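Work through these exercises with the sequence and the model side by side. Try each task before reading its solution.

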Amino acid sequence: MIRSFYIAAKDLKAEFRTKQMLNSMFIFSLLVLVVFSISFGDFLGDTEKVEKLAPGVLWIAFTFAGMLGLSRTFVMETENGCLEALMLCPVDRGAIYTGKILSNLAIVFLMEAVTLPFFIILFNYSLGIGTLLLLLLILFLGTFGFIAVGTLLSALTLGTRTRELLLPVLLLPLLLPVLIPAVEATAGILAGNSIGNLIPEIRLLAVYDLVFFVISHLVFEHVVSD
Amino acid sequence: MASNSRKTGVLAVATASVMLLAIYMLFFYLPPIKDEAGEVLSGSFRIFFFHMPIAIISYLAFGVVFAASILYLRDKSLKWDIYARSAAEVGTLFAFLVLVTGSIWAKDAWGWYWIWDLRLTTSLVLFLVYLAYTMLRKALEEPEKRARLSAVFGILGFISVPLSFFSIRLWRSAHPLMFGGNTGGSGGGLEGTALQLTLLVNFIAYFLLFLTLFSVKVQNERMEEELDSRRYAE
Amino acid sequence: MENAVSIRELSKVFGKTPVLKALDLDLKKGEFAVVFGPNGAGKTTLLKLISTLIEPTGGSVFVSGFNITEEPEKVRKEIGMLSHDSYLYGDLTAKENLHFFGKMYGINGQELEKRILQLLNEVGLATKADERVSTFSRGMKQRLSIARALLHRPSLLLLDEPYTGLDPGASLVFENLLKSPEFQGSTKLMVSHDLERGFALCDRVLILNKGKFVYDGFKVNFSGFQEFREKCGSMLT
Ligand SMILES: Nc1ncnc2c1ncn2[C@@H]1O[C@H](COP(=O)(O)OP(=O)(O)O)[C@@H](O)[C@H]1O
Ligand SMILES: [Mg+2]
């Protein structure tokens, strides 16, 4: 387990040195928000419409920006045969998967945290601290599910010719069970619901996260074995 | 080999006869159905009797993909990959038919080709997962790698579909349909034996159709493998 | 005494292509064996099997008494691999790379620091310790990847064509390190098509051709490289 943290720490150290991925993901998600905000321009004052649309926009921004990062996550490992070097280390394959999840989670979650204030400004929300914490919880649960599947699929598409195209094609259908409750819960929170009203969504997100983390952990060795 | 194709022949004949029976029952045996208000439903309700069996069998097909995928990862024998890809192909066809019959029915019942009904939407997701599975297979050339990676995806995909079902249900309950009551799928008053019998015969018919297509597909794939290995031996 | 490597009936089939056919091989502790063979003979595949990167189709391999399929993690701990790839992260410094891999092999604290300093000295990179690997020249990367492979003091060194990438400086560092006291005792299995250099370093010569060992003998049986080439050259095509 500790070695998963070593892998994640190494990834983060390399990422923060260049911030390449982080910057482009953040700019991308910001652009998505801006484009939607402009196209909704006329009715941004209409709270009812905004409440219906904005949560979806937020998750579209996060999903697509996140995918951008995911498709690069194993590229760093293949550059000098490092993935092979990791597989030669005395750890099981699952530990490599967990390490990659940790670093991807940290990077994508950071991107989301930086994007969120812009979302709040662009769509004219004013949120209390309780609401904000609740929103962060949903962001975390949704992002974890996204990363759990995305990390596995990004390793899976590594050896294919059309990697960048294939990843979203494979990932999006599997993400539906995360995206729907995440969008619903986000909408609920932004509309001022308390945690009590969001139990079904939270439960679904938690089940998805758990199931897909465990299964992906189990099958990861088949994805990387040559 | 010869006995296999003989079996498939018998299966095909059985399928054709049961399907004829099913169609006959649909049009001549089934009494007209009235809704709660006492109005006779239009003819399109008959679609339900094959729409539902096809939907269930498309799930079943993905179940076969799932099981064969697990078995492939366990013993890495390409025979499981043949089962997985054959079931996936027939399953895609069935999932597509679910969408077609579903939207024809929806058009007739509500005037919309597409409604975000729970079952129809779940079938759409299933179809998309199948499609992704096919895309993945196409992107890989080396047989063992293709078998291995698509087995992984077949497992994940199968698990995601019930989760999709629950999340779509959650979503639907938050945004109830604007039109009509729940006519879809569950079909409130299907107690009548005539209805049940018709449904059962249709179910058997489409199950047999699945078996026939599946075994033809498996045989084809096996033959191709054999050709490949002969070519290799030369 | 238990063998460093013990291979029985090892076979590997890719798809329908048999690449290794029922190989048997025993390496004694401390032995230096070199495997020659034409391209596509299965040399890399053999090393990948021993190092648990791929699974055998049949047969068994034991490394220091551990079965590669049953206790792969213990096997990996014993192995140091030097391949065509540098196995280094370009965005990390030389020291960070060694730190990371050291920790992955379970070496920590003072001990790790000491080994890193010592190895960086031996490969002549002590002054470059805090520079990013992506700024390194090819030769520097090669020297660092040698340090990386030796960091956890592997008892079995697997060397896949080490000379194909090495520049003269790195080759010298490499040969000196192999002869240094720490690694004198480790077993070495080297795959190469540089006949002369391979022959000069090893104690034992094997020739792999079309997935079978067609020759296995000791260097002392030959008067010199010339004789080896005359006798065995024909097996290499
Ligand atoms: N992952 C793989 N899938 C299919 N064939 C492979 C794979 N790896 C190696 N081979 C085949 O195995 C044979 C031996 O390869 P290799 O061990 O790399 O040879 P060498 O290192 O002796 O040149 C080659 O014919 C190669 O094409
Ligand atoms: Mg090679």
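## Exercise 1: A serine and its surroundings

Leaving out neighbours within four places in sequence, B:Ser69 is in contact (heavy atoms within 4.5 Å) with B:Ala84, B:Ser150, B:Ala151, B:Gly154 and B:Ile155. This is a predicted model, in which local features need pLDDT of at least 70, side-chain atom pairs count only at pLDDT 80 or more, and totals for chains, interfaces and linings use all residues. Residues are numbered from 1 along each chain as its sequence is written, chains are lettered from A and ligands numbered from 1 in the order in which they are written, and side-chain values use heavy atoms, with hydrogens and water left out.

**Solution.** 
- Step 1. Find the helix. Helices (H or I, at least four residues) and strands (E, at least two) are DSSP runs, numbered from the N terminus.
- Step 2. Check the cover. Buried means under 20% relative accessible area, exposed over 50%, and partly exposed in between (1.4 Å probe, protein chains only).

## Exercise 2: Chain B as a whole

**Task.** How many helices and strands are there in chain B? What percentage of its residues is buried?

**Solution.** 
- Step 1. Count the elements. Chain B has 6 helices and 0 strands. Along the sequence the pattern reads α-α-α-α-α-α.
- Step 2. Take the buried share. Of the 234 residues in chain B, 46% are buried.
- Step 3. Look at sequence separation. Among contacts in chain B with a separation of 6 or more, 79% join residues 24 or more positions apart.
- Step 4. Chain B has an accessible surface of about 11,800 Å², and carbon and sulfur atoms hold 67% of it. Such areas come from the Shrake-Rupley method with a 1.4 Å probe; for residues, only the protein chains shown count as cover.

## Exercise 3: The nonpolar cores

**Task.** Which residues have the most contacts inside the largest nonpolar core? Which helix gives the most to this core?

**Solution.** 
- Step 1. A nonpolar core is a set of buried Ala, Val, Leu, Ile, Met, Phe, Trp, Tyr and Cys residues joined through side-chain atoms within 4.5 Å.
- Step 2. Go to the largest core. It has 217 residues, and A:Phe119, A:Leu153 and C:Ile50 have the most contacts inside it. Helix H7 of chain A (residues 129–156) gives the most, with 14 residues.
- Step 3. Inspect A:Leu153. Beyond four places in sequence, its contacts are A:Leu167, A:Leu170, A:Leu171, A:Leu174, B:Phe153 and B:Leu156.
- Step 4. Find the other core. Another core, of 8 residues, lies apart from it; B:Leu26, B:Phe45, B:Phe48 and B:Trp105 are among its members.

## Exercise 4: Salt bridges

**Task.** Which residue forms a salt bridge with B:Glu141? Why are C:Glu111 and C:Lys114 separated by about one helical turn?

**Solution.** 
- Step 1. Set the cut-off. A salt bridge is a side-chain nitrogen of Lys or Arg within 4 Å of a carboxyl oxygen of Asp or Glu.
- Step 2. Take B:Glu141. Its partner is A:Arg161, with the closest N and O atoms 3.4 Å apart. The pair crosses between chains: B:Glu141 is in the loop between helix H4 (118–139) and helix H5 (143–174) of chain B, and A:Arg161 is in the loop between H7 and helix H8 (163–190) of chain A. Both B:Glu141 and A:Arg161 are exposed.
- Step 3. Compare B:Lys217 and B:Glu221. Their closest N and O atoms are 3.1 Å apart in a salt bridge. Both B:Lys217 and B:Glu221 are buried.
- Step 4. Turn to chain C. C:Glu111 and C:Lys114 meet in a salt bridge at 3.8 Å, N to O. They are about one helical turn apart because 3 residues separate them in helix H4 (residues 109–122) of chain C.

## Exercise 5: Ligand 1

**Task.** Which side chain has an N or O atom 2.7 Å from an oxygen atom of ligand 1?

**Solution.** 
- Step 1. Check the side chain. The answer is C:Thr44.
- Step 2. Check the backbone. A polar backbone atom of C:Lys43 is 2.8 Å from an oxygen atom of ligand 1.
- Step 3. Take the area. Alone, ligand 1 exposes 570 Å², and the protein buries 63% of that.

Definitions and conventions: A polar contact is a pair of N or O atoms within 3.5 Å; within protein, one must be able to donate a hydrogen and the other to accept it, and residues adjacent in sequence count only if both atoms are side-chain atoms.
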